[in-house]
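Please read the points below with the sequence and the structure open.

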Amino acid sequence: MEEEKQTRKGKYAADFSSFREAEARIRPFIHKTPLLSSESLDALSGRHLFFKCELFQKGGAFKFRGACNAVFSLSDDQASKGVVTHSSGNHAAALSLAAKLRGIPAYIVVPKNAPKCKVENVKRYGGQIIWSEPNMQSRESTAAKVLQDTGAVLLHPYNDGRIISGQGTISLELLEQAPKIDTIIAPISGGGLISGVALAAKTINPAIRVLAGEPKGANDAAQSKAAGKIVTLPETNTVADGLRAFLGDLTWPVVRDFVDDVITVEDNEIIEAMKLCYEILKVAVEPSGAIGLAAVLSDSFKENPAWKDCSHIGIILSGGNVDLGVLWHSFKR
């Protein structure tokens, strides 16, 4: 792990060679996800929108890219005792599946309030669940005990160069599928996805804009950008259960230097964007995955003169693991 903390070639946790290596490493295992578009949503937004459907990725979310890259980066000796992580959601399932493909155990520390559908995914892929209290202190101390007991390798959900490199392969695909894209919007939480996406995209096209979508009830990244340092919140409150983490020391420098802005949206805007994804695109997207569309349709984006030239926008629909009971409840609200 220590060598992973050393950022590659100095400045950042990933670089273009690590994205290309990740692409080759994970190609046999991942889905190359499709790009959808809709004239109705183009009309609604006043832009050309291209939806990168990571909800069709194995495990139902983009997280499988990073988990797969990390697991298959391990030497046989490192991998032999298995892998461990703490996660309330998609990384847990992704790591379970990647470990299963490599034939090694996955020990997953899951907070007791994790969405049921995401816990079911972990079980489906053979991950061994260890429950923790629903706070970061308990998650981390439980994971530390599992590490001690098993000798497994800890793979952090986002603050790891191998994870960031795997997520960056999305940009390689996206800009090959739609080279005209001038702006990419992705969700932001711990920053693994947007770090990889931004570094890879801006290496291919330095003029491209990369924007983050964030819930107002968990707006630590927006506050961090404004303060010029990592800001954490005493609590978060949002329907987007995948966007409640805080930036890490490897993701923050990339977010600081390569993410052009953070657009915050209310939960009702996220739910409305989910409805549009279901009704118009016909895709089952989770709240965290719909935030890019919510951002594009928000007044703060539409009325900001800085983004008036964003005409071809790639939106990453990051995942589709949603508890249907929670979904119906949020729609009724």
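1. Helix α13 (residues 267-281) lies across β1, β2, β8, β9 and β10 and runs at about 90° to β9. Axes here are lines fitted to C-alpha atoms, for helices over the stretch in contact, and angles run from 0 to 180 degrees between N-to-C directions. Helices (H or I, at least four residues) and strands (E, at least two) are DSSP runs, numbered from the N terminus. The model is predicted: local features need pLDDT of at least 70, side-chain atom pairs count only at pLDDT 80 or more, and totals for chains, interfaces and linings use all residues. Residues are numbered from 1 along each chain as its sequence is written, and side-chain values use heavy atoms, with hydrogens and water left out.

2. The sheet is open and has six strands in the order β1-β2-β10-β7-β8-β9, with mixed pairing; two strands pair if DSSP finds at least two bridges between them. At the edges are β1 and β9 (261-265), each of which pairs on one side only. α10 also packs on the sheet, where it touches β7 (183-187), β8 (209-215) and β10. The direction of α10 makes about 165° with that of β7.

3. Strand β2 (residues 48-53) runs parallel to strand β10 (residues 312-317), and six bridges join them. Cys53 stands opposite Leu317 in β10. On β1, the pairing with β2 is antiparallel and has two bridges; Leu35 has Lys52 of β2 as its bridge partner. Five of the six residues of β2 are buried, so this strand is largely enclosed by the rest of the structure. Buried means under 20% relative accessible area, exposed over 50% and partly exposed in between (1.4 Å probe, protein chains only).

4. With neighbours within four places in sequence left aside, His312 contacts His48, Phe50, Lys180, Ile181, Asp182 and Thr183; contact means heavy atoms within 4.5 Å.

5. In α2, the buried residues are Ser18, Phe19, Ala22, Glu23 and Ile26. They cover an arc of only 140° around the axis, which puts them on the same side of α2. The arc is that of the directions from the helix axis to the C-beta atoms. The buried residues of α2 pack against α4, α9 (161-177) and α10 (192-204).

6. Helix α6 (residues 90-102) and helix α7 (residues 116-124) have axes that come within 8 Å and cross at roughly 10°. That makes α6 roughly parallel to α7 (under 35 degrees; over 145 is roughly antiparallel, 65 to 115 roughly perpendicular and the rest oblique). From α6 the contact involves Asn90, Ala92, Ala93, Ser96 and Lys100, and from α7 Lys118, Asn121, Val122 and Arg124.

7. There are two aromatic pairs, counting rings of Phe, Tyr and Trp (its six-membered ring) with centres within 6.5 Å; planes under 30 degrees apart are stacked, over 60 edge-to-face and the rest tilted. Tyr12 and Phe258 are edge-to-face, at 5.1 Å centre to centre and 75° between the planes. Tyr12 lies in the loop between α1 (2-5) and α2 (16-26) and Phe258 in helix α12 (residues 251-258), so the pair ties together parts 246 residues apart in sequence. Both Tyr12 and Phe258 are buried.

8. Phe29 and Phe72 have ring centres 4.3 Å apart and planes at 20°, so this pair is stacked. Phe72 is partly exposed, with a relative accessible area of 22%.
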